[in-house]
Amino acid sequence: MTRPLSGQGRGPATTEVLTREVPTEPSADTEEVVAAARTLAALGLVAAFGHVSARHGDKMVITPAIDLAHASEDTLLEVPLDSTELPANTPGEAWIHLAVYQARPDVHAVARAIPESVFAAGAVASRSIPPLHGQGAMLGEAVPVHDDARLMRTAEIGASAARALGSADALVLRGNGAVTTGTSPGHAVARMVLLDTTCRLRVAAQSAGAIRGLTSEEITAWRAAAPPLLDRLWAHLRRTNGV
């Protein structure tokens, strides 16, 4: 099996046979990256743009710059976590994935999507978006807003976004979509769905008047229960979207 690997700059694509032995069956990481990508597409949370990655030792496995509905094992790219240039066919915003993995050893997967609800919530929130429902607490105490609508196509902008994410599990990119993290690609996708709901609730609640958020105790309780709930949500999303 061959897989595109990192090269120099963004020149013509090259393909090399991996020197390490590649299992004949898909690995759990790569299979779930593909499933996560296709689920985001099926849910309408990405259009022509979006990407999913998973930490893989000292590299990350990431979907290429294609429609995520067409993601497959053979299209995935491996990119070293210490890269200073992006391989050909890598999404231009792969820098945010690299920056998060470098800053957060606890993160093993990243999803980048563009839910329309995020654009509205990011426009009305100044610095962060608090959870308004229990499942929203599985995104963190609050979802920070990265106040920079530029594409994250440089290492510097990617690092700035990673700093804005901090220890949270999701980040709203004002005017540019969102990033979610997880211990697996499935968890990152589940959190993107929860972020979409959180942002829709935020806009609806703000138009209705005063907003009453969750207490710290309520958020802590929901976060403690999060891992198995994220597993169940991810299984539901895969089943209902035929992935």
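## The model at a glance

What you have here is a predicted model, in which local features need pLDDT of at least 70 and side-chain atom pairs count only at pLDDT 80 or more, while totals for chains, interfaces and linings use all residues. Numbering starts from 1 along each chain as its sequence is written, and side-chain values use heavy atoms, with hydrogens and water left out.

The protein chain has seven helices and ten strands (DSSP runs, numbered from the N terminus: H or I of at least four residues for helices, E of at least two for strands). Of its 243 residues, 50% are buried (under 20% relative accessible area with a 1.4 Å probe, protein chains only; exposed means over 50%, and partly exposed is in between). Take the contacts (heavy atoms within 4.5 Å) with a separation of 6 or more: 67% of them come from residues 24 or more positions apart.

## Where α6 meets α7

Helix α6 (residues 216-224) and helix α7 (residues 226-240) have axes that come within 5 Å and cross at roughly 60° (lines fitted to C-alpha atoms over the stretch in contact, with angles from 0 to 180 degrees between N-to-C directions). The two are therefore oblique to each other (under 35 degrees would be roughly parallel, over 145 roughly antiparallel, 65 to 115 roughly perpendicular, and the rest is oblique).

On the α6 side, Trp-222, Arg-223 and Ala-224 make the contact; on the α7 side, Ala-226, Pro-227 and Leu-229 do. That set splits into five nonpolar, no polar and one charged (Ala, Val, Leu, Ile, Met, Phe, Trp, Tyr, Cys and Pro count as nonpolar, Asp, Glu, Lys and Arg as charged, and the others, Gly among them, as polar).

## The two faces of α4

Helix α4 (residues 155-165) buries Ile-157, Gly-158, Ala-161, Ala-162 and Leu-165. These sit on the same side of α4 because they cover an arc of only 140° around the axis (taken from the directions from the helix axis to the C-beta atoms). They pack against α2 (94-103), β8 (143-146), β9 (170-173) and β10 (177-182).

After α4 comes Gly-166, with a positive phi near 60°.

## Arg-150, out in the loop

Arg-150 lies in the loop between β8 and α4. Is Arg-150 buried or exposed? With a relative accessible area of 52%, Arg-150 is exposed.

Leaving aside residues up to four places away in sequence, Arg-150 touches Ile-157 and Asn-176. Its C-alpha atom is 9.0 Å from that of Leu-173, 23 residues apart along the chain.
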